4 protein chains.
Amino acid sequence: MTSEPDSSGPGFLYRRRVEFSDTDTAQLIHFTALLRYMEEAEHAFYRSLGIAGYEWRPDGVTGIPRVSVRCDYLAPLRYAEEVEVRLLVKEVRTKAIRYEADFVVARPDGDSTVAKGEMTVVYATRQHGSLDWAGAPIPTEMKNAIAVAGGLVVGDGGV
Amino acid sequence: MTSEPDSSGPGFLYRRRVEFSDTDTAQLIHFTALLRYMEEAEHAFYRSLGIAGYEWRPDGVTGIPRVSVRCDYLAPLRYAEEVEVRLLVKEVRTKAIRYEADFVVARPDGDSTVAKGEMTVVYATRQHGSLDWAGAPIPTEMKNAIAVAGGLVVGDGGV
Amino acid sequence: MTSEPDSSGPGFLYRRRVEFSDTDTAQLIHFTALLRYMEEAEHAFYRSLGIAGYEWRPDGVTGIPRVSVRCDYLAPLRYAEEVEVRLLVKEVRTKAIRYEADFVVARPDGDSTVAKGEMTVVYATRQHGSLDWAGAPIPTEMKNAIAVAGGLVVGDGGV
Amino acid sequence: MTSEPDSSGPGFLYRRRVEFSDTDTAQLIHFTALLRYMEEAEHAFYRSLGIAGYEWRPDGVTGIPRVSVRCDYLAPLRYAEEVEVRLLVKEVRTKAIRYEADFVVARPDGDSTVAKGEMTVVYATRQHGSLDWAGAPIPTEMKNAIAVAGGLVVGDGGV
């Protein structure tokens, strides 16, 4: 069962400066850097909830890899500018979470949305001694924490 | 006027090994690396046509930045594996080009499509002494070269 | 004339978390990430002094590229750990600055120095419409600000 | 016992184009990219000898992490230029190998050495289910293959 996003929430906010190594010879941020920032914001979001984006355990590891990403680039972003990633939880499913992200820069003439991203991630586990990851149901406590923090309505049966 | 893709063409092929620095602690390729490979394939495609993906000229520079990217990750890709990027020209517009890319790995049990990407790029110029890029019509010769190489039908009025 | 470092100073402190994209398949931070952190710390140091690590001006740009870097890796550093870069100004010359950096992680059993780096950077300028960078004397005000902040003794004739 | 380098050998050659994502806003290659190229050359060297730079085995993994790197930057390197990494084996010890690398670009007015690097790597293993790497003696066959390919003299007692 999937919850509807609560439109009142601003989402999780993550601020990041564009580092020199994030730019390219066009004197703009390289397009992949914004996708890294989106992953950083997601992991910071988990951390704020006491969840690990990647965790080593006695019997194996857990992770939350991406299965799909998208980004639209709307305005230039340059070295040393500070960008705010506004991460929105759009949907929490049994094994997957869908996020949207607005990348916003404060400019002298007002806030500028320089890019809009989207990603779907899945909960996965890997046994020690194996290379193979397998998708798994998101633990209920984790699913609820993400949904609640993301402003989603958690139903009777959970999200 | 837009041309239809010619389904007979295999597109432009670009081979690349997954380098150690392209991987992450999940022991898989980091998701942004495939997006870099897609840009590398595109620039190699231009190079094969005598076109520069970025060019310094007496009065300014020309470039071909991305305005939108997307990637779906279908199967794992690991250190030292060789991946073939099959770049398809899907559409050539006045100022923009739309590409699709299949990422294919030869495995003992047959070819595996590990990811599918898409990107829209625009032709742009910047004057020396200015930071501002501006979209510009793709030069006719360049537009035709890309369309023809991409297997698109070039109409009487050009693509 | 070169000043002696003041051994009492802790240097400029810059904290950074190891992001997922900074790691590799050995499940450690990739060795180049620490070198990026060292550059980030340096640029943050300049910023704290009102100096730009890279600046666009009407007639050209100024930058502070590296001419030499070195790093020794002493202990493992992993995903999600926080590392403190302790940047020390070792020498300020007419056109160059030499830095050392200790990378320190707080661990349950005490602070651990996980790496030690060193770099020499030069002040350089480039005219708009030219690709060529040229080394230039560090502006006096900038040179003094860096030396003083770095705990160096500025002599009568400046550093 | 350490062998002397054979000065007649050109070392292992690895060619690489500077990709767009390797550059920065100074319109030069970012300094860390050359260090990545050095690692790529090293892994290509191992591959040419049938050695894996990182290997998954039933009981654990083997790898060859860096314990020290250095690079001096001598001349500019830019987008789309091709650079040749000339990797020299300088010393093979029980657990470590020391390399030097010249980065050479063919320019209209002759070859230009744009950078000179150096690195020391160690052979290491990690058991499945453990995060801890431990240095280990380089297997004799591997040590000999590297020394011979690198033009070192292998003595009676091995290198």
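**Cavities and helix pairs**

The largest cavity has 27 lining residues, and those nearest its centre are A:Arg36, B:Ser21, B:Arg36, C:Arg36 and D:Arg36. Please keep in mind that this is a predicted model.

How big is the largest cavity by volume? It comes to about 570 Å³. By class, its lining has 15 polar residues, eight charged ones and four nonpolar ones. Which helices supply at least two residues each to that lining? They are helix H1 of chain A, residues 31–48, helix H1 of chain B, also 31–48, and the H1 helices of chains C and D.

In total, the structure holds three cavities of 30 Å³ or more. Around it, chain B gives B:Trp56, B:Arg126, B:His128 and B:Gly129, and chain C gives C:Trp56, C:Arg126, C:His128 and C:Gly129. A:Gln27 and D:Gln27 complete that lining. Sorted by class, the residues are six polar, two nonpolar and two charged.

I will take chains A and B to begin with. H1(A) and H1(B) pack at an angle of about 170°, and their axes are 10 Å apart. An angle over 145 degrees counts as roughly antiparallel, so H1(A) is roughly antiparallel to H1(B). The crossing of H1(A) past H1(B) is right-handed. Which residues make the contact? From H1(A) they are A:Phe31, A:Thr32, A:Leu35, A:Arg36 and A:Glu39, and from H1(B) they are B:Phe31, B:Thr32, B:Leu35, B:Arg36 and B:Glu39. This contact of H1(A) with H1(B) divides into four charged, four nonpolar and two polar residues.

Next, chains C and D. Helix H1 of chain C and helix H1 of chain D, each covering residues 31–48, pack with an angle of about 170° and an axis separation of 10 Å. H1(C) and H1(D) are therefore roughly antiparallel. H1(C) passes H1(D) in a right-handed crossing. On the H1(C) side the contact uses C:Phe31, C:Thr32, C:Leu35, C:Arg36 and C:Glu39, while H1(D) brings D:Phe31, D:Thr32, D:Leu35, D:Arg36 and D:Glu39. By class, the contact of H1(C) with H1(D) has four charged, four nonpolar and two polar residues.

To close, back to Arg36. C:Arg36 and D:Arg36 are part of the contact between H1(C) and H1(D), and both are among the residues nearest the centre of the largest cavity.

Terms used:
Residues are numbered from 1 along each chain as its sequence is written. Chains are lettered from A and ligands numbered from 1 in the order in which they are written. This is a predicted model: local features need pLDDT of at least 70, side-chain atom pairs count only at pLDDT 80 or more; totals for chains, interfaces and linings use all residues. Side-chain values use heavy atoms; hydrogens and water are left out. Axes are lines fitted to C-alpha atoms, for helices over the stretch in contact, and angles run from 0 to 180 degrees between N-to-C directions. Helices (H or I, at least four residues) and strands (E, at least two) are DSSP runs, numbered from the N terminus. Angles under 35 degrees count as roughly parallel, over 145 as roughly antiparallel, 65 to 115 as roughly perpendicular and the rest as oblique. A crossing is left-handed if the near helix is turned anticlockwise from the far one by less than a right angle, and right-handed if clockwise. Contact means heavy atoms within 4.5 Å. Ala, Val, Leu, Ile, Met, Phe, Trp, Tyr, Cys and Pro count as nonpolar, Asp, Glu, Lys and Arg as charged, and the others, Gly among them, as polar. On a 1 Å grid over the protein atoms alone, a cavity is a set of points where a 1.4 Å probe fits but cannot get out, and a pocket is an open set with protein on both sides within 12 Å along at least five of seven lines; lining residues have an atom within 4 Å of a point. Grid points are joined across faces, edges and corners, and a volume is the space filled by probe spheres set on the points.
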